[in-house]
Amino acid sequence: MKHPIKKWITLVFVLGAILMLGACKKKVAPPPPPPPPALASPTASLSANPNTVDKGQATTLSWQTTNATDISIDGIGTVEASGSRQVTPADSTTYHLTAKGTGGTQDATARVTVNAPPPPPPPPPSLTEEQLFAQNVKDIYFDYDKADIRADQQADLQADAQFLQQHPNIRITVEGHCDERGSTEYNLALGTNRSDAVKNALIQAGVGGDRIKTFSYGKEKPFCTESNDSCWQQNRRGHFIYEK
Amino acid sequence: MRNPAYRTRSLGFIVAALLLLAATGSAQDWIRTGTGLGVEKVRLAASDFKPSTPDPKNTDLLKTFNDTLWNDLDNAGIFELVSKSFYPEQVPGQPSEVNLSAWNQQPPNASMLAFGNLGVSADKVQVQGWLYDVKSSGSPQVLGKQYNDNGTAEAVRVIAHKFADEIIFRLGGGIAGIAESKIYFVSARGGQKEIWTMDYDGANQHAVTHLGAISLSPRISPDGSRLAFSSVTKTGWEIMLYSFDLNRMISFPRFGGMNLSPSWSPDGKLAFSSSRNGYPNVFVVDGSGGNLRRLTSGQGPDVSPTWNRKTGAQIAFVSGRTGLPQVYTMEADGTNVQRLTDQGYAVSPNWSPNGQFLTFSWMRKYGPGEPGSNDLYLMDVASKQWVQLTHDSGRNDAPCWSPDGRHVVFQSHRTGSDQIFSMLADGTNVKQLTFSGNNTQPNWSWK
């Protein structure tokens with residue numbers, strides 16, 4: 001048991017001595033070479049004005065250098081010591097100037113940001129006639145117990161008629177609706193007159209009567225079920241239904 | 001007419017006319033003579049029927065029978081029913097058990113006594129009923145009836161109705177009772193509006209149509225065999241017919257346009273509103289659908305015709321020809337149009353069986369700042385005098401007379417939803433008949 005330990009101690013000692021000898025050897029390396037002769041270093045600056053342009057617009061690169069004999073800008077090539085140049089980058093570009101002289105090399109950069117044009121509006125989705133109908137045709141609203149077209153509804157009615165004339169394949173049903181007040185039967189009759197009033201006004205405005213069916217729901221299918229004036233107004237209408 | 005005191009008097013006159021002269025006479029006479037308010041009602045005792053067999057089913061059936069009979073007599077409007085708390089301890093089940101002096105003196109002090117017995121045997125029920133004039137000691141029996149049927153609650157209810165109608169016929173001036181009558185109505189309780197029916201007292205409610213479209217304005221034919229109504233079809237509202245003989249829809253012409261609110265004449269023609277020529281006008285057609293002719297013209301709208309149920313010679317209807325809807329009458333050929341209401345919003349007329357009265361829904365003061373309510377009114381057609389039947393009870397509409405002219409069934413929103421109620425034609429004794437879903441436009445059978 002004692003013998004192996006003595007052997008380990010000896011090994012550690014020898015390794016330590018080798019390491020110490022190595023370190024001593026570096027300290028005695030030769031002195032550094034003398035500094036090079038003191039030549040002037042080049043300077044360089046590069047700027048872009050403006051540094052942000054829209055796509056297709058030009059900007060002006062300006063640069064100045066000193067102590068340089070060989071000056072170039074990436075993408076442009078060799079240039080004079082100082083100057084300016086109009087450029088029209090297609091995309092955002094970092095211009096890189098290299099000025100070389102006997103005293104060394106100096107770099108300068110200038111970043112030109114090119115704003116991408118706004119994406120073109122997506123091509124309009126091709127709407128079906130039914131979707132156009134839903135977007136354009138407005139219901140016609142009535143006064144209480146009345147079946148004549150109100151003055152303030154004439155504009156919507158004319159617009160409806162114009163749309164229908166521009167879309168001659170569309171056939172419609174005009175539904176007459178009424179508010180909840182009064183009898184079921186009288187409101188069905190009143191709704192009949194409302195749908196007829198809308199149909200007749202469309203015919204007057206040039207829409208073919210054979211394209212227009214009428215129907216009355218009276219107060220059977222209200223759009224709004226509260227008992228107040230605004231709800232009742234919502235329910236007194238000629239409602240357009242797309243048929244084809 | 002606008003004077004409240006006078007209005008109260010005329011109410012009495014008209015009700016008196018109703019109850020005494022339902023079949024004949026003229027309201028003008030009663031208004032001129034100005035005799036008593038209403039009629040003295042017969043003081044009637046109706047003792048619970050007694051079991052005549054030991055069958056254990058008797059208990060339930062007796063309760064059904066006694067409740068139904070009492071309710072029928074109470075509804076009739078011509079009796080002062082003596083409270084059961086005044087009855088002797090021993091009530092009779094058959095004539096030999098009647099002690100006249102126990103009934104014709106205080107406390108019951110009855111004029112009439114209905115009594116009898118009921119017994120189930122081998123699933124059959126036998127009911128014996130009597131009506132006694134207890135103030136006539138010599139020959140008290142007014143009525144003695146015996147009924148045999150299956151021992152079911154349904155059959156026992158019908159027997160009670162039949163016996164009640166016998167009593168009402170004998171004591172009510174020869175006018176048939178209504179206990180076996182039916183009411184047709186619109187119910188949305190299953191989703192879509194369909195035509196339903198029920199007994200006059202609200203029992204036995206069930207759907208007639210299952211069309212899945214909107215069906216409205218049921219009107220039963222005078223003989224009870226056909227039901228006309230208006231329903232949404234692919235081409236518009238059309239008049240539809242259901243046959244109770246065949247228990248199915250039967251064909252009827254499609255007229256085109258909006259065809260609404262049919263009404264049967266006593267001889268089986270149909271008046272209705274049609275926009276087939278443009279504006280809604282009143283048309284008449286034979287019960288078979290033939291011989292269509294137009295009675296009114298103009299923009300109207302004209303709707304809700306109702307025939308004079310006694311003569312068939314006149315039609316009342318609603319028109320918006322001057323603005324808000326008003327009630328008009330005309331001859332059955334469309335001539336002699338007369339406006340009956342002078343203001344407000346008047347709709348849903350229904351002509352009484354005796355031909356004298358219209359009942360209708362009227363918002364008398366209508367317009368901005370006039371928070372009127374839809375109430376039911378009764379108008380004497382000849383004099384245009386009217387009385388108000390409902391008061392301060394929400395929107396009331398679609399009144400319809402019972403076959404005896406003593407009752408009106410109607411729809412009311414007084415509970416917060418549309419339900420069907422009946423009342424006496426003087427506005428008293430209001431009873432709610434439906435409770436489930438929304439129920440509207442009741443129409444009472446002609447008999």
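Analyst: A residue is buried if 20 or more other C-beta atoms, placed from the backbone, lie within 10 Å of its own, exposed if 12 or fewer do, and partly exposed in between. This is a predicted model, in which local features need pLDDT of at least 70 and side-chain atom pairs count only at pLDDT 80 or more, while totals for chains, interfaces and linings use all residues. Residues are numbered from 1 along each chain as its sequence is written, and chains are lettered from A and ligands numbered from 1 in the order in which they are written.

B:G177 is buried because 28 other C-beta atoms lie within 10 Å. In chain B, the loop between α5 (153-171) and β7 (182-187) holds B:G177. Leaving aside residues up to four places away in sequence, B:G177 touches B:A76, B:A164, B:D165, B:I168, B:F169 and B:D404; such a contact requires C-beta atoms, placed from the backbone, within 7 Å. B:D404 is 227 residues from B:G177 along the chain, yet their C-alpha atoms are separated by 6.5 Å.

Chain A may now be considered. Of its 244 residues, 29% are buried. Chain A has five helices and 12 strands, which are DSSP runs numbered from the N terminus (helices: H or I, at least four residues; strands: E, at least two). Five strands of chain A form an open, mixed sheet in the order β2-β8-β7-β4-β5, with β2 (52-54) and β5 (77-78) as its edge strands. Strands pair if DSSP finds at least two bridges between them; β2(A) and β8 (residues 104-115) of chain A run parallel and are joined by three bridges. Within this pair, A:T52 stands opposite A:T113 in β8(A).

Note on methods
Contact = placed C-beta atoms within 7 Å.
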